[in-house]
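Welcome to this short tour. Open your viewer, pick a cartoon view with side chains at hand, and follow the stops below.

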Amino acid sequence: MKQFVMPLVKNSLRPVVKMTNWNNFRALLDTGAYFPVWTDDEHILDDLGGRLVKKDIFFGGFGGTARGCLYELESMTVGGLIFPNTHIIACRDLKDVPFQLILSAAMFRGLIYEIDDKNHRLNITVPDKESTVRNLRIEDSEGRVHILSHSLYPDSALSHS
């Protein structure tokens, strides 16, 4: 088993993680979210080596349907987790939020994660049968967006629309 800890922003009413090992971004951990969502300027994704995959996709979230652009990032690091060639939706519908990214529950499939609000940290445990290298794909087929998420090991796959 591998374990690591990420600091939470103090005095925040929501679990906002300080991503100190990935450009010092702040990310909301949303356990009800399927898709990781970028909430800041899309030009930052370009600067990070992101590639626009598809414009104007519709996806479920935020109490209804939202619209965004699908990007592929060369790599994203969340604590000790590595997401190579990962997909993310850039959503223009969110304004003035104190974070650049929404981390979805699907990103932590097969892992143990604990929000320790008292000590201001996110504890993540990677069981022996899981990998720290995570594969995450968002696909849009015939107007329906779905996510494919699994670790390096093939028996932990998840697909959800």
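How many bridges join β9 to strand β10? Select residues 121-126, which make up β10: five bridges join β9 to this strand, and the two run antiparallel. Strands here are DSSP runs of E with at least two residues, numbered from the N terminus, and two strands pair if DSSP finds at least two bridges between them. Within β10, L122 is the bridge partner of I115.

A note before moving on: this is a predicted model, where local features need pLDDT of at least 70, side-chain atom pairs count only at pLDDT 80 or more, and totals for chains, interfaces and linings use all residues. Residues are numbered from 1 along each chain as its sequence is written, and side-chain values use heavy atoms, with hydrogens and water left out.

Next, show the whole open sheet, three strands in the order β1-β10-β9 with antiparallel pairing. β1 (2-7) and β9 (112-116) each have a single partner strand, so one side of each edge strand is left without a neighbour in the sheet.

Now turn to the rings. Rings of Phe, Tyr and Trp (its six-membered ring) pair if their centres lie within 6.5 Å; planes under 30 degrees apart count as stacked, over 60 as edge-to-face and the rest as tilted. By this rule there are four aromatic pairs. Select F25 and W38, an edge-to-face pair at 5.1 Å centre to centre with 80 degrees between the planes. F25 lies in β3 and W38 in β4, so the pair ties together parts 13 residues apart in sequence.

Definitions and conventions
Helices (H or I, at least four residues) and strands (E, at least two) are DSSP runs, numbered from the N terminus.
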